[in-house]
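This briefing concerns pairs of oppositely charged side chains and their surroundings. Please view the sequence and the structure before reading the points below.

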Amino acid sequence: MREALTGLVTTLNWGVLGYVLLLDTSMLLLVLVGARRVVTNLRWAGSEGLDRVFASPLTPGISVLVPAHDEEAGVLDTLAAVLAQRYPLVEVVLVDDGSTDRTFDLVAERYGLTPVTPRWTAHTPVEGEVLSVHRATTGDPLTVVRKTSVRRRSDALNVALNLARHPLVCMVDADSLLEPDALLKVARPFIEDPEHVVGAGGVIRTANAALTDRGAVVEPRLSRRWLVRIQAVEYLRSFLLGRTTWADADALLIISGAFGLFRRDTVVEVGGLDPRSLAEDAELVVTLQEHLRRAGRPSRMVFVPETVCWTEVPETWSVLGRQRQRWSHGLAQLLWKHRRMVGNPRFGAVGLLALPFFLVFELLGPVVEIAGLASVAVAAVLGLLDPGTAALMVAVALALGVLVSTSVVAVEEFTFHRYRSGRDLRALLLAGAVENLGYRQLHAWYRLRGLLAALARRDPVWTAMPRTGFTTVEA
(Lines give C-alpha, C1' and ligand atoms only; values in the text may rest on other atoms or scores of the structure.)
Protein backbone atom coordinates (compact mmCIF):
# COMPACT_ATOMS: atom_id res chain seq x y z
CA MET A 1 0.00 0.00 0.00
CA ARG A 2 2.78 2.41 0.94
CA GLU A 3 4.66 1.64 -2.25
CA ALA A 4 1.55 2.30 -4.36
CA LEU A 5 0.92 5.59 -2.54
CA THR A 6 4.55 6.61 -2.96
CA GLY A 7 4.38 5.84 -6.67
CA LEU A 8 1.16 7.83 -7.06
CA VAL A 9 2.50 10.88 -5.21
CA THR A 10 5.81 10.78 -7.09
CA THR A 11 4.05 10.52 -10.45
CA LEU A 12 1.75 13.41 -9.57
CA ASN A 13 4.63 15.60 -8.39
CA TRP A 14 6.70 14.98 -11.52
CA GLY A 15 3.62 15.54 -13.69
CA VAL A 16 2.95 18.90 -12.06
CA LEU A 17 6.60 19.87 -12.42
CA GLY A 18 6.48 18.96 -16.10
CA TYR A 19 3.34 21.05 -16.53
CA VAL A 20 4.90 24.07 -14.81
CA LEU A 21 8.07 23.77 -16.88
CA LEU A 22 6.03 23.53 -20.09
CA LEU A 23 4.01 26.58 -19.08
CA ASP A 24 7.07 28.66 -18.21
CA THR A 25 8.90 27.52 -21.35
CA SER A 26 5.91 28.58 -23.44
CA MET A 27 5.90 31.96 -21.68
CA LEU A 28 9.62 32.34 -22.33
CA LEU A 29 9.10 31.67 -26.04
CA LEU A 30 6.28 34.23 -26.12
CA VAL A 31 8.57 36.74 -24.41
CA LEU A 32 11.49 36.14 -26.80
CA VAL A 33 9.38 36.32 -29.95
CA GLY A 34 7.60 39.40 -28.63
CA ALA A 35 10.94 41.04 -27.79
CA ARG A 36 12.08 40.70 -31.39
CA ARG A 37 8.88 42.35 -32.59
CA VAL A 38 9.25 45.21 -30.11
CA VAL A 39 12.84 45.89 -31.17
CA THR A 40 11.86 45.81 -34.85
CA ASN A 41 9.02 48.24 -34.20
CA LEU A 42 11.32 50.68 -32.40
CA ARG A 43 13.71 50.80 -35.35
CA TRP A 44 10.95 52.07 -37.57
CA ALA A 45 10.57 55.86 -37.70
CA GLY A 46 7.04 55.92 -36.34
CA SER A 47 6.67 59.62 -35.53
CA GLU A 48 6.56 60.63 -39.19
CA GLY A 49 3.88 58.03 -39.81
CA LEU A 50 1.79 59.46 -36.97
CA ASP A 51 2.08 62.95 -38.48
CA ARG A 52 0.66 61.61 -41.74
CA VAL A 53 -2.18 59.89 -39.89
CA PHE A 54 -3.01 63.15 -38.11
CA ALA A 55 -3.01 65.17 -41.34
CA SER A 56 -4.78 62.66 -43.57
CA PRO A 57 -8.39 63.45 -44.55
CA LEU A 58 -9.00 59.67 -44.56
CA THR A 59 -8.33 59.34 -40.83
CA PRO A 60 -11.62 58.12 -39.32
CA GLY A 61 -13.22 59.83 -36.35
CA ILE A 62 -13.17 58.08 -32.97
CA SER A 63 -15.82 57.93 -30.27
CA VAL A 64 -14.22 57.24 -26.89
CA LEU A 65 -16.56 55.27 -24.61
CA VAL A 66 -15.94 55.57 -20.86
CA PRO A 67 -18.00 53.55 -18.34
CA ALA A 68 -17.78 54.99 -14.82
CA HIS A 69 -19.09 53.68 -11.52
CA ASP A 70 -17.86 55.48 -8.38
CA GLU A 71 -14.78 56.89 -10.12
CA GLU A 72 -14.49 60.29 -8.45
CA ALA A 73 -10.83 59.65 -7.59
CA GLY A 74 -9.61 59.72 -11.19
CA VAL A 75 -12.42 60.48 -13.64
CA LEU A 76 -11.36 64.10 -14.24
CA ASP A 77 -7.79 63.03 -15.00
CA THR A 78 -9.06 60.39 -17.41
CA LEU A 79 -11.29 62.88 -19.23
CA ALA A 80 -8.47 65.42 -19.39
CA ALA A 81 -6.17 62.84 -20.99
CA VAL A 82 -8.78 61.78 -23.54
CA LEU A 83 -9.84 65.30 -24.49
CA ALA A 84 -6.19 66.34 -24.88
CA GLN A 85 -5.55 63.62 -27.48
CA ARG A 86 -3.60 64.60 -30.55
CA TYR A 87 -6.23 63.38 -32.98
CA PRO A 88 -8.17 65.23 -35.68
CA LEU A 89 -11.72 64.11 -34.84
CA VAL A 90 -12.74 62.70 -31.48
CA GLU A 91 -15.76 62.69 -29.17
CA VAL A 92 -16.14 61.32 -25.65
CA VAL A 93 -19.21 59.52 -24.30
CA LEU A 94 -19.02 59.02 -20.52
CA VAL A 95 -21.65 56.81 -18.89
CA ASP A 96 -22.20 57.38 -15.18
CA ASP A 97 -23.36 53.88 -14.28
CA GLY A 98 -25.30 54.54 -11.08
CA SER A 99 -22.43 56.13 -9.16
CA THR A 100 -23.03 56.72 -5.46
CA ASP A 101 -20.13 59.15 -5.06
CA ARG A 102 -19.43 62.55 -6.68
CA THR A 103 -18.43 61.22 -10.11
CA PHE A 104 -21.21 63.02 -11.97
CA ASP A 105 -21.04 66.18 -9.83
CA LEU A 106 -17.32 66.62 -10.50
CA VAL A 107 -17.75 66.19 -14.26
CA ALA A 108 -20.80 68.48 -14.33
CA GLU A 109 -18.91 71.22 -12.48
CA ARG A 110 -15.76 70.96 -14.59
CA TYR A 111 -17.49 70.85 -18.00
CA GLY A 112 -20.70 72.78 -17.35
CA LEU A 113 -23.02 69.94 -18.30
CA THR A 114 -26.49 70.73 -19.58
CA PRO A 115 -29.35 68.28 -20.35
CA VAL A 116 -30.00 67.46 -24.01
CA THR A 117 -32.28 65.19 -26.01
CA PRO A 118 -30.24 62.16 -27.10
CA ARG A 119 -29.85 61.16 -30.73
CA TRP A 120 -29.39 57.41 -30.76
CA THR A 121 -27.23 55.96 -33.53
CA ALA A 122 -27.75 52.28 -32.66
CA HIS A 123 -30.04 50.13 -30.56
CA THR A 124 -27.91 47.45 -28.90
CA PRO A 125 -29.67 45.84 -25.92
CA VAL A 126 -29.45 47.75 -22.63
CA GLU A 127 -30.79 46.63 -19.25
CA GLY A 128 -30.24 49.71 -17.07
CA GLU A 129 -32.62 52.66 -17.45
CA VAL A 130 -31.15 55.79 -19.04
CA LEU A 131 -32.04 58.67 -16.73
CA SER A 132 -30.63 61.66 -18.61
CA VAL A 133 -28.13 62.75 -21.25
CA HIS A 134 -25.94 65.84 -20.93
CA ARG A 135 -23.50 67.79 -23.09
CA ALA A 136 -20.55 69.96 -22.11
CA THR A 137 -20.95 73.74 -22.51
CA THR A 138 -17.20 74.36 -22.38
CA GLY A 139 -16.69 73.56 -26.05
CA ASP A 140 -15.35 70.07 -25.33
CA PRO A 141 -16.82 67.18 -27.39
CA LEU A 142 -18.17 65.46 -24.28
CA THR A 143 -21.50 63.70 -23.76
CA VAL A 144 -22.43 62.30 -20.34
CA VAL A 145 -25.17 59.74 -19.74
CA ARG A 146 -26.67 58.94 -16.36
CA LYS A 147 -28.22 55.50 -15.97
CA THR A 148 -29.25 53.03 -13.30
CA SER A 149 -26.65 50.38 -12.64
CA VAL A 150 -27.17 46.67 -13.22
CA ARG A 151 -23.59 46.04 -12.02
CA ARG A 152 -22.32 45.14 -15.46
CA ARG A 153 -19.67 47.21 -17.22
CA SER A 154 -20.82 45.95 -20.63
CA ASP A 155 -24.27 47.48 -20.10
CA ALA A 156 -22.74 50.93 -19.66
CA LEU A 157 -20.58 50.45 -22.75
CA ASN A 158 -23.61 49.42 -24.82
CA VAL A 159 -25.35 52.65 -23.82
CA ALA A 160 -22.31 54.64 -24.92
CA LEU A 161 -22.15 52.63 -28.16
CA ASN A 162 -25.74 53.61 -28.91
CA LEU A 163 -24.74 57.29 -28.82
CA ALA A 164 -21.40 56.99 -30.66
CA ARG A 165 -21.27 58.87 -33.96
CA HIS A 166 -17.87 57.96 -35.41
CA PRO A 167 -16.67 54.90 -37.40
CA LEU A 168 -14.25 53.76 -34.66
CA VAL A 169 -15.04 53.29 -30.98
CA CYS A 170 -12.38 53.29 -28.27
CA MET A 171 -13.35 51.68 -24.95
CA VAL A 172 -11.47 53.20 -22.02
CA ASP A 173 -11.73 52.57 -18.29
CA ALA A 174 -12.45 55.57 -16.10
CA ASP A 175 -9.14 55.09 -14.26
CA SER A 176 -7.03 55.10 -17.44
CA LEU A 177 -4.59 57.81 -18.48
CA LEU A 178 -3.91 57.91 -22.22
CA GLU A 179 -0.59 58.83 -23.80
CA PRO A 180 -0.97 62.00 -25.96
CA ASP A 181 -0.62 60.02 -29.23
CA ALA A 182 -2.48 56.91 -28.06
CA LEU A 183 -5.35 57.20 -30.53
CA LEU A 184 -3.02 57.97 -33.43
CA LYS A 185 -0.86 54.93 -32.69
CA VAL A 186 -3.75 52.50 -32.47
CA ALA A 187 -5.81 54.02 -35.30
CA ARG A 188 -2.96 53.66 -37.78
CA PRO A 189 -3.59 49.93 -38.53
CA PHE A 190 -7.21 50.77 -39.45
CA ILE A 191 -5.95 53.28 -42.03
CA GLU A 192 -3.30 50.97 -43.45
CA ASP A 193 -5.67 47.99 -43.76
CA PRO A 194 -9.25 49.31 -43.53
CA GLU A 195 -10.83 46.19 -45.05
CA HIS A 196 -9.48 43.68 -42.55
CA VAL A 197 -8.56 45.37 -39.24
CA VAL A 198 -11.53 45.31 -36.86
CA GLY A 199 -9.79 45.72 -33.50
CA ALA A 200 -6.52 47.02 -32.07
CA GLY A 201 -4.91 47.41 -28.66
CA GLY A 202 -1.66 48.63 -27.18
CA VAL A 203 0.59 48.32 -24.16
CA ILE A 204 -1.01 49.08 -20.77
CA ARG A 205 1.23 50.01 -17.84
CA THR A 206 0.61 50.42 -14.12
CA ALA A 207 -0.02 54.02 -13.08
CA ASN A 208 0.18 53.54 -9.30
CA ALA A 209 2.67 56.07 -7.86
CA ALA A 210 3.37 57.62 -11.29
CA LEU A 211 3.59 61.42 -11.29
CA THR A 212 0.81 62.99 -13.38
CA ASP A 213 -0.20 66.45 -14.51
CA ARG A 214 -3.70 67.17 -15.89
CA GLY A 215 -4.21 63.58 -16.97
CA ALA A 216 -0.73 63.03 -18.44
CA VAL A 217 1.95 60.76 -16.95
CA VAL A 218 5.00 63.02 -16.70
CA GLU A 219 7.21 60.70 -14.66
CA PRO A 220 6.65 56.94 -14.41
CA ARG A 221 7.42 55.74 -10.91
CA LEU A 222 7.26 52.33 -9.33
CA SER A 223 5.05 51.92 -6.27
CA ARG A 224 6.66 50.99 -2.97
CA ARG A 225 4.06 48.25 -2.52
CA TRP A 226 5.43 44.88 -3.58
CA LEU A 227 2.00 43.74 -4.65
CA VAL A 228 1.88 46.57 -7.19
CA ARG A 229 5.47 45.97 -8.29
CA ILE A 230 4.74 42.34 -9.07
CA GLN A 231 1.74 43.41 -11.13
CA ALA A 232 3.97 45.84 -13.02
CA VAL A 233 6.08 42.85 -14.12
CA GLU A 234 2.90 40.94 -14.98
CA TYR A 235 1.68 43.76 -17.20
CA LEU A 236 5.02 44.01 -19.00
CA ARG A 237 5.00 40.27 -19.65
CA SER A 238 1.39 40.18 -20.78
CA PHE A 239 1.04 43.41 -22.76
CA LEU A 240 4.50 44.37 -23.97
CA LEU A 241 5.52 40.90 -25.10
CA GLY A 242 2.83 38.20 -24.77
CA ARG A 243 0.07 39.89 -26.74
CA THR A 244 2.55 41.16 -29.31
CA THR A 245 3.41 37.54 -30.12
CA TRP A 246 -0.19 36.39 -30.22
CA ALA A 247 -1.13 39.23 -32.58
CA ASP A 248 1.75 38.40 -34.93
CA ALA A 249 0.45 34.82 -35.03
CA ASP A 250 -3.02 36.18 -35.91
CA ALA A 251 -4.28 34.64 -32.68
CA LEU A 252 -4.94 37.59 -30.40
CA LEU A 253 -7.74 36.84 -27.92
CA ILE A 254 -7.63 39.82 -25.59
CA ILE A 255 -7.68 43.55 -26.20
CA SER A 256 -7.73 45.10 -22.75
CA GLY A 257 -10.87 46.76 -21.46
CA ALA A 258 -8.62 49.57 -20.21
CA PHE A 259 -7.99 50.63 -23.82
CA GLY A 260 -9.22 49.02 -27.03
CA LEU A 261 -10.19 50.37 -30.46
CA PHE A 262 -12.80 48.70 -32.69
CA ARG A 263 -14.80 49.27 -35.83
CA ARG A 264 -18.15 50.50 -34.65
CA ASP A 265 -20.18 48.83 -37.39
CA THR A 266 -18.88 45.34 -36.57
CA VAL A 267 -19.46 45.80 -32.83
CA VAL A 268 -23.06 46.86 -33.51
CA GLU A 269 -23.40 43.97 -35.97
CA VAL A 270 -22.73 41.39 -33.23
CA GLY A 271 -25.14 43.11 -30.84
CA GLY A 272 -22.61 45.04 -28.75
CA LEU A 273 -20.96 43.60 -25.68
CA ASP A 274 -22.28 40.51 -23.93
CA PRO A 275 -23.99 41.72 -20.72
CA ARG A 276 -23.58 38.31 -19.07
CA SER A 277 -19.82 38.10 -19.51
CA LEU A 278 -17.29 38.97 -16.82
CA ALA A 279 -14.55 39.09 -19.47
CA GLU A 280 -16.37 41.41 -21.84
CA ASP A 281 -13.14 42.63 -23.47
CA ALA A 282 -11.94 39.17 -24.50
CA GLU A 283 -15.52 38.08 -25.19
CA LEU A 284 -15.96 40.89 -27.73
CA VAL A 285 -12.68 40.03 -29.49
CA VAL A 286 -13.54 36.33 -29.80
CA THR A 287 -17.16 37.01 -30.79
CA LEU A 288 -16.05 39.33 -33.58
CA GLN A 289 -13.57 36.80 -34.91
CA GLU A 290 -16.06 33.94 -34.77
CA HIS A 291 -18.77 36.00 -36.45
CA LEU A 292 -16.53 37.25 -39.26
CA ARG A 293 -14.95 33.84 -39.85
CA ARG A 294 -18.35 32.19 -40.14
CA ALA A 295 -19.39 34.89 -42.62
CA GLY A 296 -16.23 34.30 -44.68
CA ARG A 297 -14.95 37.82 -44.06
CA PRO A 298 -11.19 37.87 -43.31
CA SER A 299 -10.35 40.01 -40.30
CA ARG A 300 -7.37 41.01 -38.17
CA MET A 301 -6.90 41.91 -34.53
CA VAL A 302 -3.80 44.07 -34.18
CA PHE A 303 -1.58 44.83 -31.22
CA VAL A 304 0.64 47.92 -31.22
CA PRO A 305 3.76 47.22 -29.09
CA GLU A 306 3.91 50.75 -27.70
CA THR A 307 2.58 52.24 -24.49
CA VAL A 308 -0.81 53.83 -25.05
CA CYS A 309 -2.39 53.79 -21.62
CA TRP A 310 -1.66 53.80 -17.88
CA THR A 311 -4.08 52.30 -15.38
CA GLU A 312 -4.44 51.69 -11.66
CA VAL A 313 -3.96 48.14 -10.40
CA PRO A 314 -5.12 46.66 -7.07
CA GLU A 315 -3.08 47.66 -4.02
CA THR A 316 -4.53 45.14 -1.58
CA TRP A 317 -4.82 41.36 -1.62
CA SER A 318 -8.59 41.44 -1.19
CA VAL A 319 -9.14 43.67 -4.21
CA LEU A 320 -6.64 41.66 -6.27
CA GLY A 321 -8.42 38.46 -5.30
CA ARG A 322 -11.81 39.75 -6.44
CA GLN A 323 -10.33 40.99 -9.71
CA ARG A 324 -8.51 37.76 -10.58
CA GLN A 325 -11.47 35.62 -9.53
CA ARG A 326 -13.65 37.66 -11.87
CA TRP A 327 -11.13 37.28 -14.72
CA SER A 328 -11.00 33.50 -14.26
CA HIS A 329 -14.78 33.26 -14.08
CA GLY A 330 -15.03 35.31 -17.26
CA LEU A 331 -12.45 33.15 -19.06
CA ALA A 332 -14.42 30.02 -18.20
CA GLN A 333 -17.58 31.66 -19.55
CA LEU A 334 -15.79 32.61 -22.77
CA LEU A 335 -14.31 29.17 -23.40
CA TRP A 336 -17.65 27.45 -22.76
CA LYS A 337 -19.58 29.84 -25.00
CA HIS A 338 -17.07 29.45 -27.84
CA ARG A 339 -16.23 25.80 -27.20
CA ARG A 340 -16.93 24.88 -30.83
CA MET A 341 -13.99 27.06 -31.85
CA VAL A 342 -11.45 25.20 -29.66
CA GLY A 343 -9.19 23.12 -31.88
CA ASN A 344 -11.31 23.94 -34.94
CA PRO A 345 -9.14 24.77 -38.01
CA ARG A 346 -12.02 26.77 -39.47
CA PHE A 347 -11.10 29.55 -37.05
CA GLY A 348 -7.41 29.62 -37.92
CA ALA A 349 -4.75 30.25 -35.31
CA VAL A 350 -7.37 31.45 -32.81
CA GLY A 351 -9.03 28.03 -32.81
CA LEU A 352 -5.90 25.93 -33.18
CA LEU A 353 -3.45 27.81 -30.95
CA ALA A 354 -4.84 30.56 -28.73
CA LEU A 355 -8.03 28.97 -27.37
CA PRO A 356 -6.35 25.59 -26.56
CA PHE A 357 -3.46 27.45 -24.86
CA PHE A 358 -5.83 29.48 -22.70
CA LEU A 359 -7.84 26.38 -21.87
CA VAL A 360 -4.86 24.26 -20.83
CA PHE A 361 -2.62 26.85 -19.21
CA GLU A 362 -4.80 29.77 -18.14
CA LEU A 363 -8.09 28.14 -17.12
CA LEU A 364 -6.83 24.75 -15.88
CA GLY A 365 -3.46 26.02 -14.67
CA PRO A 366 -4.62 26.78 -11.11
CA VAL A 367 -6.13 23.30 -10.81
CA VAL A 368 -2.77 21.70 -11.61
CA GLU A 369 -0.75 24.07 -9.41
CA ILE A 370 -3.03 23.73 -6.37
CA ALA A 371 -3.12 19.94 -6.84
CA GLY A 372 0.67 19.95 -6.95
CA LEU A 373 0.94 21.90 -3.71
CA ALA A 374 -1.55 19.56 -2.05
CA SER A 375 0.40 16.53 -3.28
CA VAL A 376 3.66 17.89 -1.87
CA ALA A 377 1.96 18.60 1.48
CA VAL A 378 0.53 15.07 1.64
CA ALA A 379 3.88 13.57 0.74
CA ALA A 380 5.61 15.58 3.45
CA VAL A 381 3.07 14.58 6.13
CA LEU A 382 3.32 10.90 5.22
CA GLY A 383 7.10 10.99 5.03
CA LEU A 384 7.09 10.17 1.31
CA LEU A 385 8.88 13.32 0.21
CA ASP A 386 12.51 12.91 -0.76
CA PRO A 387 14.28 16.16 0.24
CA GLY A 388 16.75 16.03 -2.64
CA THR A 389 14.08 15.48 -5.25
CA ALA A 390 11.86 18.18 -3.76
CA ALA A 391 14.72 20.68 -3.72
CA LEU A 392 15.51 19.89 -7.36
CA MET A 393 11.89 20.38 -8.40
CA VAL A 394 11.59 23.70 -6.61
CA ALA A 395 14.95 24.97 -7.88
CA VAL A 396 14.21 24.16 -11.52
CA ALA A 397 10.70 25.64 -11.43
CA LEU A 398 11.90 28.81 -9.68
CA ALA A 399 14.87 29.25 -12.00
CA LEU A 400 12.72 29.13 -15.12
CA GLY A 401 10.09 31.43 -13.62
CA VAL A 402 12.74 33.98 -12.62
CA LEU A 403 14.32 33.72 -16.09
CA VAL A 404 11.01 34.63 -17.71
CA SER A 405 10.50 37.66 -15.44
CA THR A 406 14.12 38.80 -15.80
CA SER A 407 13.84 38.60 -19.58
CA VAL A 408 10.74 40.79 -19.50
CA VAL A 409 12.44 43.45 -17.37
CA ALA A 410 15.54 43.32 -19.61
CA VAL A 411 13.46 43.96 -22.72
CA GLU A 412 11.80 46.93 -21.03
CA GLU A 413 15.16 48.33 -19.93
CA PHE A 414 16.84 48.04 -23.33
CA THR A 415 13.89 49.30 -25.38
CA PHE A 416 11.52 51.82 -23.80
CA HIS A 417 13.41 52.42 -20.53
CA ARG A 418 10.40 54.17 -18.99
CA TYR A 419 11.60 53.69 -15.40
CA ARG A 420 14.61 55.96 -15.09
CA SER A 421 15.88 55.28 -11.59
CA GLY A 422 18.16 52.40 -10.73
CA ARG A 423 16.04 51.74 -7.65
CA ASP A 424 12.98 51.07 -9.80
CA LEU A 425 14.93 48.73 -12.08
CA ARG A 426 16.27 46.75 -9.13
CA ALA A 427 12.79 46.61 -7.63
CA LEU A 428 11.36 45.24 -10.89
CA LEU A 429 14.01 42.52 -11.03
CA LEU A 430 13.41 41.56 -7.42
CA ALA A 431 9.62 41.61 -7.94
CA GLY A 432 10.05 39.17 -10.83
CA ALA A 433 11.77 36.77 -8.46
CA VAL A 434 9.42 37.31 -5.52
CA GLU A 435 6.44 36.69 -7.81
CA ASN A 436 7.26 32.97 -7.82
CA LEU A 437 7.35 32.71 -4.02
CA GLY A 438 3.87 33.09 -2.59
CA TYR A 439 2.24 35.44 -5.09
CA ARG A 440 2.01 32.86 -7.85
CA GLN A 441 0.51 30.26 -5.52
CA LEU A 442 -2.05 32.66 -4.02
CA HIS A 443 -2.87 33.91 -7.49
CA ALA A 444 -3.59 30.31 -8.51
CA TRP A 445 -6.01 30.04 -5.57
CA TYR A 446 -7.90 33.17 -6.69
CA ARG A 447 -8.15 31.81 -10.23
CA LEU A 448 -9.34 28.43 -8.95
CA ARG A 449 -12.14 30.15 -7.04
CA GLY A 450 -13.18 31.91 -10.24
CA LEU A 451 -13.27 28.59 -12.11
CA LEU A 452 -15.35 26.99 -9.36
CA ALA A 453 -17.77 29.93 -9.45
CA ALA A 454 -18.18 29.42 -13.20
CA LEU A 455 -18.76 25.68 -12.76
CA ALA A 456 -21.38 26.44 -10.10
CA ARG A 457 -23.11 28.74 -12.62
CA ARG A 458 -23.10 31.66 -10.19
CA ASP A 459 -24.69 34.83 -11.47
CA PRO A 460 -21.83 37.00 -12.81
CA VAL A 461 -21.59 40.42 -11.18
CA TRP A 462 -19.13 43.14 -12.14
CA THR A 463 -17.65 44.96 -9.13
CA ALA A 464 -15.71 48.19 -9.55
CA MET A 465 -12.22 48.33 -8.08
CA PRO A 466 -11.66 50.91 -5.32
CA ARG A 467 -9.51 53.77 -6.66
CA THR A 468 -6.84 55.71 -4.82
CA GLY A 469 -6.40 58.36 -7.52
CA PHE A 470 -3.23 59.60 -9.18
CA THR A 471 -0.21 61.39 -7.77
CA THR A 472 -0.27 64.87 -9.31
CA VAL A 473 2.39 67.52 -9.76
CA GLU A 474 2.13 70.18 -7.10
CA ALA A 475 1.23 73.61 -8.41
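Arg86 and Asp181 form a salt bridge (a side-chain nitrogen of Lys or Arg within 4 Å of a carboxyl oxygen of Asp or Glu), with their closest N and O atoms 3.4 Å apart. Arg86 sits in the loop between α3 (75-83) and β2 (90-97) and Asp181 in the loop between β7 (176-178) and α6 (182-192), so this pair ties together parts 95 residues apart in sequence. The model is predicted: local features need pLDDT of at least 70 and side-chain atom pairs count only at pLDDT 80 or more, while totals for chains, interfaces and linings use all residues. Residues are numbered from 1 along each chain as its sequence is written, and side-chain values use heavy atoms, leaving out hydrogens and water.

**Accessibility of the Arg86 pair**
- Arg86 has 30% relative accessibility and counts as partly exposed (buried is under 20% relative accessible area, exposed over 50%, partly exposed in between, with a 1.4 Å probe and protein chains only).
- Asp181, at 22%, is likewise partly exposed.

**Glu280 and Arg153**
- Glu280 forms a salt bridge with Arg153, the closest N and O atoms being 2.7 Å apart.
- The pair links distant parts of the chain, 127 residues apart, with Glu280 in helix α9 (residues 280-294) and Arg153 in helix α5; helices (H or I, at least four residues) and strands (E, at least two) are DSSP runs numbered from the N terminus.
- Glu280 is buried at 6% relative accessible area, and Arg153 is buried at 5%.

**Wider picture**
- The structure holds 24 salt bridges.
- Asp24, Glu369 and Arg440 are linked in a salt-bridge network.
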